Amino acid sequence: MKIILNLLRIIVGVLFIFSGLIKANDPLGLSYKMEEFFEVLHLTFLSPYSLAYSILMNAFEIIAGVAVLVGYRMRIFSVLLLLLIIFFTFLTGYALFSGTIRECGCFGDCIKLTAVETFWKDVILLVMILVIFFYRKQIQPVKGAGIALVIATILSFGIQWYTLKHLPFVDCLPYKIGNNIPEKMKLPPGATPDVYEMMFIYEKDGQKKEFTADNYPWSDSTWKFVDRKDKLVKKGNAEPAIKDFILTDADGVNQTQAILAETKPVYLFLVQNVQKAGSGWDVKMKVLQDKWKNQGILIYGVTASTKEEIAAFKQQHGLEFPFVQMDGVAIKTAGRSNPCLILLDKGTIKGKWHYNDIP
């Protein structure tokens, strides 16, 4: 039994450290996933604290994983691990059986697991942790266990502090340096796209009914047209890596293709929310703005904020280059800081900087 117990400790410890380190590389990514869970579970009042929860959870996974490996205070950590895996199993089970969340983000954006794979992974872990819990009194700490926990604690919080002040060490998102945005907006070779059918909604005697383009009552004046929508009739087997990169100007005109096709270097200054933008980047952006004035480069601010908020933001920081709008989720995916600067060369990402590191 001792051999089995030690083997389970190694597996559980390594998995938790690995999982924690991957997510510590991008704590903002986990916080966004938490917000998704909070919304589905109708716990939106917790959303403002999602980043704090993310940092603490990532740190605990690393610390608990090290504690299991070195046998540090197993009477406490075995209970905490059991509670954590029960919680995880509930969440992944909910995601699987409700169908409301496609991915749990258990290994961040670097390793994608389906809802089924994630759920059964947690079930297996639950069984292993139960064995560790019931035999916890047989586990003795190794020499230097306390020092190992101190190092793990410093490391787990230090990594996350660095990535929040800069950018993730490893960029696992579709907007990483070297990727071509137009190519990533295409379906993978051999993939089947979603199939939609145009539906027309008409109303008669207070009752609304959907019609297709083949049978809508175009010749019956007793039916009144209400709306038109696209209905998913067949789900495809894949999606483009980038599916929401749409840039529109102040008049609502789509400028995406024009910007991606530019031959000059294009800088995208991503500001997901102008009212929550970080500070300390003004001088650097004004230097870049001088190059824009000399027509050597192009700069576009990209935000999900309103026109009024954009105007006030530009005036406050002395920005003169044009702003375009894009979906807030897409902006958060493209850059893990607010603001974030991206350099494009004919649609290919050549550089990406946290606002603290703008060159």
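## A nonpolar patch on the surface

In this predicted model, four residues form a nonpolar patch on the surface: M1, I4, F134 and Y135. Together they have about 430 Å² of accessible area.

F134 counts as exposed because its relative accessibility is 61%, and the cut-off for exposed is over 50%.

## The chain as a whole

The protein chain has 359 residues, and 42% of them count as buried. The chain has 11 helices and 8 strands. Its C-alpha atoms fill a box of roughly 80 × 60 × 40 Å, taken along the principal axes.

Two packed helices are described by the angle between their axes and the distance between the axes. Helix α1 spans residues 2–24 and helix α3 spans residues 50–70. The axes of α1 and α3 come within 7 Å and cross at roughly 155°. The angle makes α1 roughly antiparallel to α3, because angles over 145 degrees count as roughly antiparallel. The crossing of α1 and α3 is left-handed.

Helix α3 also crosses helix α6, which spans residues 145–165. The axes of α3 and α6 come within 9 Å, and the crossing angle is roughly 150°. That angle makes α3 roughly antiparallel to α6. The crossing of α3 and α6 is right-handed.

## Salt bridges

The structure holds 8 salt bridges. One of them joins D26 and R336, with the closest N and O atoms 2.9 Å apart. This pair links distant parts of the chain, as D26 and R336 are 310 residues apart. D26 is in the loop between α1 and α2 (27–40), while R336 is in the loop between α11 (328–334) and β7 (340–345). Both D26 and R336 are buried.

Another salt bridge is formed by E36 and K33, where the closest N and O atoms are 3.0 Å apart. E36 and K33 are separated by about one helical turn, because they are 3 residues apart in helix α2. E36 counts as partly exposed because its relative accessibility is 30%. K33, at 17% relative accessibility, counts as buried, since the cut-off for buried is under 20%. A salt bridge also forms between the side chains of K121 and D122, at 2.9 Å from N to O. D122 has a relative accessible area of 1%, so D122 is buried.

## A pair brought together in space

A277 is found in the loop between β4 (266–271) and α9 (282–293). At 24% relative accessibility, A277 counts as partly exposed, because that class lies between the cut-offs of 20% and 50%.

A277 and S337 are 60 residues apart in sequence. In space, the distance between A277 and S337 is 8.7 Å, from C-alpha to C-alpha.

## Backbone exceptions

Most residues other than glycine have a negative phi, and most peptide bonds are trans. The peptide bond from N338 to P339 is cis, with omega near 10°.

R73 is not a glycine, yet R73 has a positive phi of about 45°. R73 lies in the loop between α3 and α4 (74–98). With a relative accessible area of 53%, R73 is exposed. Q295 is not a glycine either, and its phi is positive at about 65°. Q295 is found in the loop between α9 and β5 (298–303). The relative accessible area of Q295 is 59%, so Q295 is exposed.

Methods:
Residues are numbered from 1 along each chain as its sequence is written. This is a predicted model: local features need pLDDT of at least 70, side-chain atom pairs count only at pLDDT 80 or more; totals for chains, interfaces and linings use all residues. Side-chain values use heavy atoms; hydrogens and water are left out. Patches are made of residues with over 30% relative accessible area and no salt bridge: like charges are joined within 9 Å, nonpolar side chains (Val, Leu, Ile, Met, Phe, Trp, Tyr) within 5 Å. Accessible areas come from the Shrake-Rupley method with a 1.4 Å probe; for residues, only the protein chains shown count as cover. Buried means under 20% relative accessible area, exposed over 50%, partly exposed in between (1.4 Å probe, protein chains only). Axes are lines fitted to C-alpha atoms, for helices over the stretch in contact, and angles run from 0 to 180 degrees between N-to-C directions. Helices (H or I, at least four residues) and strands (E, at least two) are DSSP runs, numbered from the N terminus. Angles under 35 degrees count as roughly parallel, over 145 as roughly antiparallel, 65 to 115 as roughly perpendicular and the rest as oblique. A crossing is left-handed if the near helix is turned anticlockwise from the far one by less than a right angle, and right-handed if clockwise.
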